[in-house]
Amino acid sequence: MTSPAFVLREGEDVVAAAGYRAWPQSVAHLSVLVAPDCRGRGLARFVASAAVTRALDAGQLPQWRARPHPSRRVAHALGFQELGSQLSVRLGDGADSVRRGVGPAT
C-alpha cells in the first residue's frame with residue numbers, strides 16, 4: 001500500500017484493514033482485508049469507506065477489483081459500479097503439460 005492503512009481493532013487484534021496502492025493516471029487500487037471470524041459485520045465497508053474517502057480527497061480514482069460475492073456486495077454498497085471483468089491465466093513452460101499428456105504429441 002502507498003496510502004495510510006485504515007484499521008479496526010478488537011482489543012490488541014486488527015480485525016479489518018483497508019488502503020490502496022497508487023497506480024498510474026491517478027488510480028487508487030484498493031485492498032480490503034477482514035479476519036475470517038469477523039466477516040459479515042460491516043467491518044469491510046467501514047474501513048474501505050475510509051480508504052475511498054482518502055483516495056478521493058487526494059484526487060485519485062478508486063478502483064475495486066472484486067471477484068467473490070461478499071467483496072462485490074461491499075463494493076456496490078459503497079457506490080462502485082461493475083465496468084468489466086478480468087481473466088487470469090497461469091502459463092507454464094510447456095514441459096509439464098506434455099508430461100501429463102495434455103500437450104502436443106511428439
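**Exercise 1. State how many bridges join strand 1 to strand 2, and how these strands run.**

Solution. Strand 1 and strand 2 run antiparallel and are joined by 5 bridges. Strands are DSSP runs of E of at least two residues, helices are runs of H or I of at least four, and both are numbered from the N terminus. Two strands pair if DSSP finds at least two bridges between them.

The model is predicted: local features need pLDDT of at least 70, side-chain atom pairs count only at pLDDT 80 or more, and totals for chains, interfaces and linings use all residues. Residues are numbered from 1 along each chain as its sequence is written, and side-chain values use heavy atoms, without hydrogens and water.

**Exercise 2. Give the strand order of the sheet, then find its edges.**

Solution. The sheet is open, with 4 strands in the order 1-2-3-4 and mixed pairing. Strand 1 (6-10) and strand 4 (61-63) are the edge strands, each pairing on one side only. From one strand to the next, the twist averages 20°. Angles run from 0 to 180 degrees between N-to-C directions, with axes fitted to C-alpha atoms, for helices over the stretch in contact.

**Exercise 3. Locate Gln25 and describe its phi.**

Solution. Gln25 lies in the loop between strand 2 (13-23) and strand 3 (27-34). Its phi is positive, about 60°, although Gln25 is not a glycine. Most residues other than glycine have a negative phi. Gln25 is exposed, at 77% relative accessible area. Exposed means over 50%, buried under 20%, partly exposed in between (1.4 Å probe, protein chains only).
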